[in-house]
Amino acid sequence: MKTENQKAWFFVLPVLALVAFNALIPMMTVVNYSVQETFGDNVFFWQGLDWFQQILRSDRFHAALGRQFLFTFLILIIEVPLGIAIALSMPRKGFWVPVCLVLMALPMLIPWNVVGAMWNIFTLPDIGLLGYFLNHVLGISYDMTQNPIAAWVTIVTMDVWHWTSLVVLLSYAGLVSIPDAYYQAAKIDGASNWAVFRFIQLPKMKTVLTIAILLRFMDSFNIYTEPFVLTGGGPGNSTTLLSIDLVKIALGQFDLGPAAAMSLIYFAITLLVSWLFYTLMTKDDLN
Amino acid sequence: MQKRSIVPIVYILFLMLPIYWLVAMSFKTTNEILSGFSLFPQTFTLDNYATIFTDPSWYWGYINSIAYVSINTVISIAVALPAAYAFSRYRFLGDKQLFFWLLTNRMAPAAVFALPFFQLYSAVELFDTHLAVALAHCLFNIPLAVWILEGFMGGVPKELDETAFVDGYSFPRFFATIFIPSIKAGVGVAAFFCFMFSWVELLLAKTLTAVAAKPIAATMTKTASSAGYELGLLAAAGTLTIIPGAIVIWFVRNYIAKGFAMGRV
């Protein structure tokens, strides 16, 4: 049992101060921009909620939001089952465990623009390993600067390459925490592999999987650097995800008001979906 | 060798292919890269690396990145330790709301904050310093560190604290000499994640720096503009950004394996 102690606030104060400094002040700036119009020179005019209405009704925003949901849906549906499958087939102990973990974690430790640049040179049609292989060995016409489908396949593959290991590491951590006795009991009962997975392994992985899915949702929904470096949002607008569109409006066109309103809507959607995920996945624990 | 070990092997091969291509390209001359496809470097060269290690505008990028990442990791862990202790041991007014609010900061897209961050750090005259980037990265690293550490601390029985206080330990002495050593795996995992997310982030780091604290990842963009597209140089710089991460993960490899399982993470 935790004891009631209001002095615990003192322990939390440094964290609160640092995070509030970084979160509240910029957030207030964004809110401030979102209700005003500016023509530069720090002259602002009250705009009310016009920007919000404009963004919510704009086809451009709907299109970017749709692409964003499609991207996040695709990577979750691929990375989560794949990550679990890999974690299940990994060795539980011995020399190969740290080797596997280190090699698998490597992609996550590469700066995001390097990831983009790396996949760029990997997929160049005539001189990249993958591009050359697809075009000249398999004879499939592949050029992601021309073909939107190729661009989509490339950014999804890149994200699977980059982040599946996070799901693997977390699921693996859940798996190794299962005592051997559970497996022995299942063996005595003559349980099938599926039954072992469904009734022993999956429940034990639930907490870490919740974290993995939440982290993957938030990070893929906010993804910016890797697709920006790899495709620049193209060809056309086909891979312009929400963040890329936002930066185009904010820094490209310098429309601070609409960009700020879009930021807040974007943030609200992320928050809402995360909360839904969290509530759905922890529902059983509360009952 | 079991049949199922084929899955991790294939997966690791898939992970290594783009990395191999980056490394192979870093040993090629720009001419060779542009003249056609070759699986291995034909004219093996170290020129790309020589350029990076002799040109201050290149190698300072690495020093800058390592500087702000280290400062960030130290700050994040230092402030997250007492906070995580408070969350794991005490109930206090607004504790649950505060914890959730901390986590929401991971959900804000960095693109949203780029411009306001620039204005904020310019206003407090920290623009283009290592400290600015280190503090800005606290936004998403502190919540993560608190979250991970709280999980590990929950695994330490409360009797440990009570026994120590009965034995006459003061709180700071107990915390530093007994409690922290008992969750050192958690500290390792948290530090690893702080290092990782600060090392790989570019948008904020680039926004908050100009010259003096410019990160390596931002320096790399110059290969695209000056003297055409120097792919070899870009590949060499990219290869070098993998090394610090590889070193750090090698140090925490045993914590990662055991550590996750101990904590609720």
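How far apart are the axes of helix α7 (residues 130-154) of chain B and helix α10 (residues 184-200) of chain B, and at what angle do they cross?

Mentor: A word on the model and its labels comes first. This is a predicted model, in which local features need pLDDT of at least 70 and side-chain atom pairs count only at pLDDT 80 or more, while totals for chains, interfaces and linings use all residues. Residues are numbered from 1 along each chain as its sequence is written, and chains are lettered from A and ligands numbered from 1 in the order in which they are written.

The axes of α7(B) and α10(B) come within 9 Å and cross at roughly 160 degrees. Helices here are DSSP runs of H or I with at least four residues, strands are runs of E with at least two, and both are numbered from the N terminus. Axes are lines fitted to C-alpha atoms, for helices over the stretch in contact, and angles run from 0 to 180 degrees between N-to-C directions. The two helices are therefore roughly antiparallel to each other; angles over 145 degrees count as such, those under 35 as roughly parallel, 65 to 115 as roughly perpendicular and the rest as oblique.

On the α7(B) side, the contact includes His137(B), Phe140(B) and Asn141(B), and on the α10(B) side it includes Ala185(B), Gly186(B) and Val189(B). Residues are in contact if their C-beta atoms, placed from the backbone, lie within 7 Å. By class, this contact has 12 nonpolar, four polar and no charged residues. Ala, Val, Leu, Ile, Met, Phe, Trp, Tyr, Cys and Pro count as nonpolar, Asp, Glu, Lys and Arg as charged, and the others, Gly among them, as polar.

Elsewhere in chain B, helix α1 (residues 6-26) packs with helix α14 (residues 231-251), their axes coming within 7 Å and crossing at roughly 125 degrees. That makes α1(B) oblique to α14(B), and the crossing is left-handed. Among the residues in this contact are Leu22(B) and Val23(B) of α1(B), with Leu231(B) and Gly232(B) of α14(B). The contact divides into six nonpolar, four polar and no charged residues.

Helix α1(B) also packs with helix α3 (residues 59-89) of chain A, at an angle of about 125 degrees with the axes 8 Å apart. That makes α3(A) oblique to α1(B), and α3(A) passes α1(B) in a left-handed crossing. Ala85(A), Ile86(A) and Ser89(A) of α3(A) make this contact with Val7(B), Pro8(B) and Tyr11(B) of α1(B). Five of these residues are nonpolar, one is polar and none is charged.

Between the chains as a whole, 73 residues of chain A are in contact with 78 residues of chain B. Helix α1 (residues 8-34) of chain A gives the most to the side of chain A that touches chain B, with 14 residues. That side of chain A divides into 55 nonpolar, 15 polar and three charged residues.

Strands join the chains too: two bridges link strand β1 (residues 3-4) of chain A to strand β1 (residues 90-91) of chain B, and these run parallel. Strands pair if DSSP finds at least two bridges between them. Thr3(A) has Tyr90(B) as its bridge partner in β1(B).

Methods
Contact = placed C-beta atoms within 7 Å. Left-handed = near helix turned anticlockwise from the far one by under 90°.
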